[in-house]
Amino acid sequence: MTDINRIPLYRTIWRWHFYAGLFVIPFIVMLSVTGAAYLFKPQLDRWQESAWRGLPTAKRVDADAQVKAALTAFPGASFHYYRVPEALGDAAIVHVGLPDGGMRDVAVAPQGQVIGSANPDDRISAWLAKIHGSLLIGKPGGIIVELAASWAIVMILTGLYLWWPRGRGIGGVVWPRRGLGGRTALRDLHAVTGFWVSGLALVLLLTALPWTDVWAQGFRAVRAEMGWVQGAQDWKSGAADHYAAHDHSAMAKAMPGPVAVGDAPRVLLDRIVLRARNENLPAPVIIQPPGAPNMFGPPNGDTWTLTTRTQNRPLVRKVSYDVVTGIEVSRSGFVDKHVIDRVVGIGIAWHEGALFGIVSQLIGVLTALMLMILAVSGFLMWRRRKPDDALGAPPLPRDPAKLKGVAAIILALAALLPLLAASLILLWIVDRLIIPRLPRAARWLGMARA
């Protein structure tokens, strides 16, 4: 029987898997931990607001009085939106922009007293999102995360090739073989976990691409060129934009402030709140005054706008009301978007664990746990086989001329993932121009011919 480790194609893909895995392991652990925690954003936000719920309901005031109380507590602030209480005993959240560009979520009790406030940027979910998307360093961090995600796709695809049974039984392929110890048991754990998580991991990686920087810019250009744009997209394209989506101070500075309450005759906010309750939108439900800034797209128009900030994008819809009469003037929902935006929206909802509620959250946690097992077992496998004087990469194949198929696959992947292409060019330059001048480094990295 032919030793598969001697086949040039197998050996080359093994090397790609090795180098890709070594690079992405720390990112897989970080993204898995922060991503799994962010799946529970609704629960985290509720926990942080627990003191603002279950309050007495006697002598309730209307929504307009609650907004007035919030603006009085923060002189010079502008009214951005009113978050409709989920239950009668919950405080209303009045989101205001401060004169210095900051923002506050102001909690107003049913009786009209301000009982607390919070900086949206200090929420646990906001910190998780900024770590997960940009490593807390904005655009440079977002590019690093996108590069790691691109190489993670390479790692998964090459891992599936290495996993392929090739005539073996299903033991060590679909489930770990029993009664084995040491390196074989670790290998089985790694291979089997990789098989079961690969599909879910690829979905997570692919649904994250619309949020990235380089890939998303290209996607946005293609959408515009192909005429796929139908209204404002409701996700941020680019790490800097994604960072800003969770950096409310930056959002406040970038957009004009809304018209203050009382500047012109208008229907009372409380009347719009009554309409909001009849719409049965998923929480959190918000009502924006004319000119209020949006997290996605341009500022609100000259209407009261009712919408929801739910992460389950297929359930999002907007209803606009005339500011003077309160008559409905427009209505739009998920079905009104271009099919491309709907596909992206469904993917993002799945990525954030919102598409099927707690089921999606639990699947996301399971995916994150399996990815961490994959990363840790891969690291341990490397440490066990690594020589003391070398990186431990699989040896180069003796006949690279037979690997045109590998080159074609790599070029196809690079065409779809721009940062992968850029890193491959850099690696090729290093391999051709620098490594030959450093024989000791070549031997340590495993670049010398076997």
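**Reading strands, helices and the backbone in a predicted model**

Student: How many bridges join strand 7 (residues 317–322) to strand 8 (residues 328–333)?

Tutor: Strands of a sheet pair through backbone hydrogen bonds, either parallel or antiparallel. Here strand 7 and strand 8 run antiparallel and are joined by five bridges. Two strands count as paired if DSSP finds at least two bridges between them, and the strands (E, at least two residues) and helices (H or I, at least four) are DSSP runs numbered from the N terminus. Opposite Val-319 stands Arg-331 in strand 8. Five residues lie between the two strands of this hairpin, where Gly-326 takes a positive phi near 80 degrees.

Student: Before we go on, what should I know about the model?

Tutor: It is predicted: local features need pLDDT of at least 70 and side-chain atom pairs count only at pLDDT 80 or more, while totals for chains, interfaces and linings use all residues. Residues are numbered from 1 along each chain as its sequence is written, and side-chain values use heavy atoms, leaving out hydrogens and water.

Student: What does the chain average in pLDDT, and where does pLDDT stay under 50?

Tutor: The average is 88, and 89% of the residues score at least 70; pLDDT is the predictor's confidence in each residue, from 0 to 100. Over residues 242–262 pLDDT stays under 50, and there the model has 56 contacts (heavy atoms within 4.5 Å) beyond four places in sequence.

Student: What is the order of the strands in the open sheet?

Tutor: Its eight strands follow the order 4-3-2-1-5-6-7-8, with antiparallel pairing. At the edges sit strand 4 (114–118) and strand 8, each pairing on one side only. From one strand to the next the twist averages 20 degrees. Strand 3 (residues 103–108) is joined to strand 4 by four bridges, the two running antiparallel, and Ala-107 stands opposite Gly-116 in strand 4. Helix 3 (residues 63–73) packs on the sheet and touches strand 1 (78–83), strand 2 (92–97), strand 3 and strand 4; the direction of helix 3 makes about 135 degrees with that of strand 1.

Student: At what angle do helix 1 and helix 4 pack?

Tutor: Two packed helices are described by the angle between their axes and the distance between the axes. For helix 1 (residues 8–38) and helix 4 (residues 124–134) the angle is about 150 degrees and the axes are 9 Å apart. Axes are lines fitted to C-alpha atoms, for helices over the stretch in contact, and angles run from 0 to 180 degrees between N-to-C directions. Helix 1 and helix 4 are therefore roughly antiparallel; angles under 35 degrees count as roughly parallel, over 145 as roughly antiparallel, 65 to 115 as roughly perpendicular and the rest as oblique. Among the residues that meet are Met-30, Leu-31 and Tyr-38 in helix 1, and Leu-128 and Ile-131 in helix 4.

Student: How do helix 6 and helix 11 lie?

Tutor: Helix 6 (residues 182–208) and helix 11 (residues 339–351) have axes that come within 9 Å and cross at roughly 125 degrees. That makes helix 6 oblique to helix 11. Their contact includes Leu-200 and Val-203 of helix 6 and Ile-348 and Trp-350 of helix 11.

Student: Which residues does a cis peptide bond join?

Tutor: Most residues other than glycine have a negative phi, and most peptide bonds are trans. The cis bond here joins Ala-283 and Pro-284, with omega about 0 degrees. Pro-284 is in the loop between helix 10 (269–279) and strand 5 (285–288). Leu-135, a residue other than glycine, has a positive phi near 55 degrees and is in the loop between helix 4 and helix 5 (139–163).
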